Amino acid sequence: MNQKHLNLLIALALAGVSATAGASGYRFGSQSVSSQGTAEANGAEAADASTVFANPAGLSRLEGRQFAGGVTALVPHSTYQDAGSTRFTGTPTGGQARQSDYAPSAVAAPSLYYSHQIDDRWTAGFGAFVPFGTDLDYDRDWAGRYSLTNIKLESLTLNPSVAFKLNAQHAFGFGIDIDYMKASLGQAVDVPGTVAAAQHSGTGAVLARQIAGLGGNPALLATAGDAYAGVKGKDWGVGFNLGYLFTLDENTRFGIAYRSSIKHELKGSAAWDFSGVTSDAVVNGVLQSVSRRQNSDARVELRTPETLSINAFHQFDPRWAGMADVTWSRNSRMQNIDIEFLGTGEGDEVIRQQWKNTVRVSLGASYKLNEAVLLRAGIAHDNAPVRSTELRHAALPDADRNQLSFGANWKLTPTSSIDLAYSYLDFKDAAGSYTNNCNPVAVGCTGNGETTRGMWNTHMQLVGVAYNQRF
């Protein structure tokens, strides 16, 4: 029954899968405001120092020293309507059937990039950006509380890079990805279902005698409520990214970018709160003891998926340019997540994910309005890695989405400019019917055994602003 570390480590594990801009899963907005304006279609443009993220080979096109610093605000709107969530006993979980405010009103992610041209062939760069994140806060009594009540994921990637220009046509880039992840999570524990199962199996009388023998009031078992678990954890991981840029002529170029898989060993801790299960501390203590739930450490090992992007840029005339990007993500690395409870005799928590590989396609264009203003626009379609409704978990109610973006670059001086971007993402309705295959009375495994059944509906807006400076 112990799901104590479940969603901390689920959250971290799932989040690590979406470590690229434009990726589905736990994607957080955009890693570049100029790129956001074209729906991330401009990987071969190398417009500014943020090419460190999109394609490090693009550094070879940047002269002198350049800085790009920005922030992207994500404004989500999400609702959930329950369709009959049940306990492992088959009875309804009860609680609130509709959720309309579990996503924050707005969250923001910064980005910072710097490039330094060493000579005619070599250029160094550095990037710091947020590759993924989430912040969901369901009501503590919602119908799916046994799978999740709240989750917050924060991440930061440090990406030192270097580019080498072989000649006028060929350039290569290499970067090191140093990822930091931090998460906190809470969920309910199905004490009422456990008590009901004990009474049905005939062990309820034994439980009542144990409580009475310690001076407690066994009659309060009939009024037992949920317990809660709070979890937090963090981890560092290291990977790399590669880039190649082919310049056909002064107006046309093509890029290939690869970001490696990263191995993580995520460690966390959990604290249990049975104090509110009943009004009797003795009853609460006995229920926690028989549940075998104790504060402990936890661990899960995983590898994030590698991604491969192919993109193109063409300057049609002095005003118009077009661009395109196709990004493939090997999300199938995420199958089942086995969570170990260190220092205890509890069995692993097995979270069924079985994600599928995904492809993101984006098209973009830019128009030079005048010497001071460049306008951008783009569209994209992104697949979700969730394979079926039976594998859609409350921590990631993801679905295929379409994106429409607009942006602009405004020159303040010959060496400085501001980027602005706005995006609207519309997600397909996401039906879920996820069942934890372990239950509280099973031996050798951990889980509440709940089925969370309902429909999520989401759309979101992204607003970005960045400042660029050449030295």
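User: In this predicted model, which residue forms a salt bridge with Asp419?

Analyst: Asp419 lies in strand E19 (residues 416-427), and its partner lies in strand E17 (residues 373-382), so the pair ties together parts that are 43 residues apart in sequence. The closest N and O atoms are 2.8 Å apart, within the 4 Å limit for a salt bridge. The partner is Arg376.

User: Is Arg376 buried or exposed?

Analyst: Buried means under 20% relative accessible area. Arg376 has 6% relative accessibility, so Arg376 counts as buried.

User: Where is the salt-bridge partner of Asp226?

Analyst: Asp226 forms a salt bridge with Arg145, with 2.6 Å between the closest N and O atoms. Asp226 sits in the loop between helix H5 (204-213) and strand E8 (227-249), 81 residues apart from its partner. Arg145 is in the loop between E5 and E6.

User: What is the bridge partner of Leu136 in E6?

Analyst: Leu136 belongs to the covered face of strand E5 (residues 134-137), together with Thr134. E5 and E6 run antiparallel and are joined by four bridges. In E6, the partner of Leu136 is Ile151.

User: Which strands each supply at least two residues of the nonpolar patch?

Analyst: The patch covers about 530 Å² of surface, and its residues include Ile256, Trp328 and Val361. The strands are E12 (307-315), E13 (320-329) and E16 (358-368).

Definitions and conventions: Residues numbered from 1 in each chain as written. Predicted model: local features only at pLDDT ≥ 70, side-chain atom pairs only at ≥ 80, totals over all residues. Heavy atoms only, no water. Patch = residues over 30% accessible without salt bridge, like charges linked within 9 Å, V, L, I, M, F, W, Y side chains within 5 Å. Areas by Shrake-Rupley, 256 points an atom, 1.4 Å probe, with all protein chains shown as cover. Salt bridge = Lys/Arg side-chain N within 4 Å of Asp/Glu carboxyl O. Buried < 20%, exposed > 50% of the residue type's maximum accessible area, 1.4 Å probe, protein only. Pairing = 2+ DSSP bridges.
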